[in-house]
Amino acid sequence: QVQLQESGPGLVKPSQTLSLTCIVSGGSITTAYYHWHWIRQPPGKGLEWMGAIAYDGNTYYNPSLKSHTSISRDTSKGQFSLQLSSVTPEDTAVYYCARDLFPTGITLMDYWGQGTQVTVSS
């Protein structure tokens, strides 16, 4: 019933900002007590939790990425977004959005987007 879909540019230059949007349908991003997450998977590596925004607008971040990460939402559009600043080629990955009852980590996520490839290259 709930569907998520990532959207944004597939190529970003080093030092620029990576911006992605997750479009949510079949559910409300303001319904307690769900949290809306961003996860990524670099090529040949495992999943890395990046952060989340809660139903009440509170945000949570992976400490290793916090200084460059910003998650926001547009409740009128049913969307939430990711901005990752000062990117390097190491930020090349498939980026996913997902829903969970927990604010941090990858735990009981019941709905995922298909993922979108983002390449950081000059």
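Let me start with aspartate 91, which sits in the loop that runs between strand 8, residues 79–84, and strand 9, residues 93–100. Before going on, please keep in mind that this is a predicted model.

Is aspartate 91 buried or exposed? Its relative accessible area is 10%, and buried means under 20%, so aspartate 91 is buried. Leaving aside residues up to four places away in sequence, aspartate 91 touches Arg40, Leu84, Ser86, Val118 and Val120.

Which side chain has a polar atom 2.6 Å from the backbone oxygen of aspartate 91? That side chain belongs to tyrosine 95.

So, on to tyrosine 95. This residue is in strand 9. Its relative accessibility is 0%, and tyrosine 95 therefore counts as buried. The side chain of tyrosine 95 makes a polar contact of 3.1 Å with the side chain of arginine 40.

For scale, tyrosine 95 and serine 81 are 14 residues apart in sequence, and their C-alpha atoms are 12 Å apart in space.

Next, the cysteines. How many disulfides does the structure hold? It holds 1. The partners are cysteine 22 and cysteine 97, with their sulfur atoms 2.1 Å apart. The link between cysteine 22 and cysteine 97 is right-handed, with 65° about the S-S bond. This pair links distant parts of the chain: cysteine 22 belongs to strand 3, residues 18–25, cysteine 97 belongs to strand 9, and 75 residues separate them. Cysteine 22 has 0% relative accessibility and so counts as buried. Cysteine 97, also at 0%, counts as buried too.

Now the nonpolar core. The largest one has 24 residues, and those with the most contacts inside it are Leu4, Leu18, Val24, Trp38, Phe80, Leu82 and Tyr95. Which strands supply at least two residues each? They are strand 3, strand 4 (35–41), strand 5 (48–54), strand 8, strand 9 and strand 11 (116–120). Strand 3 gives the largest share, 4 residues.

Take leucine 82 as one example from that core. Not counting residues up to four places away in sequence, leucine 82 touches Leu18, Ser19, Leu20, Trp38, Met50, Thr69, Ser70, Ile71 and Tyr95. Another core lies apart from the largest one; this other core has 5 residues, among them Ile39, Ala52, Ala98 and Met109.

Back to strand 9 as a whole. Strand 9 is mostly covered, with 7 of its 8 residues buried. What does strand 9 pair with? With strand 4 there are 7 bridges, and the two run antiparallel. Within that pairing, tryptophan 36 has arginine 99 of strand 9 as its bridge partner. With strand 11, strand 9 pairs in the antiparallel sense over 3 bridges, and there tyrosine 95 has threonine 116 as its bridge partner. With strand 10, residues 111–112, strand 9 has 2 bridges, again antiparallel. The bridge partner of arginine 99 in strand 10 is tyrosine 111.

To close, back to where the talk began. Tyrosine 95, in turn, is among the residues with the most contacts inside the largest nonpolar core. That is all from me.

Definitions and conventions:
Residues numbered from 1 in each chain as written. Predicted model: local features only at pLDDT ≥ 70, side-chain atom pairs only at ≥ 80, totals over all residues. Heavy atoms only, no water. Buried < 20%, exposed > 50% of the residue type's maximum accessible area, 1.4 Å probe, protein only. Contact = heavy atoms within 4.5 Å. Polar contact = N/O pair within 3.5 Å; in protein donor to acceptor, adjacent residues only side chain to side chain. Disulfide = S-S within 2.5 Å. Core = buried A, V, L, I, M, F, W, Y, C linked by side-chain atoms within 4.5 Å. Pairing = 2+ DSSP bridges.
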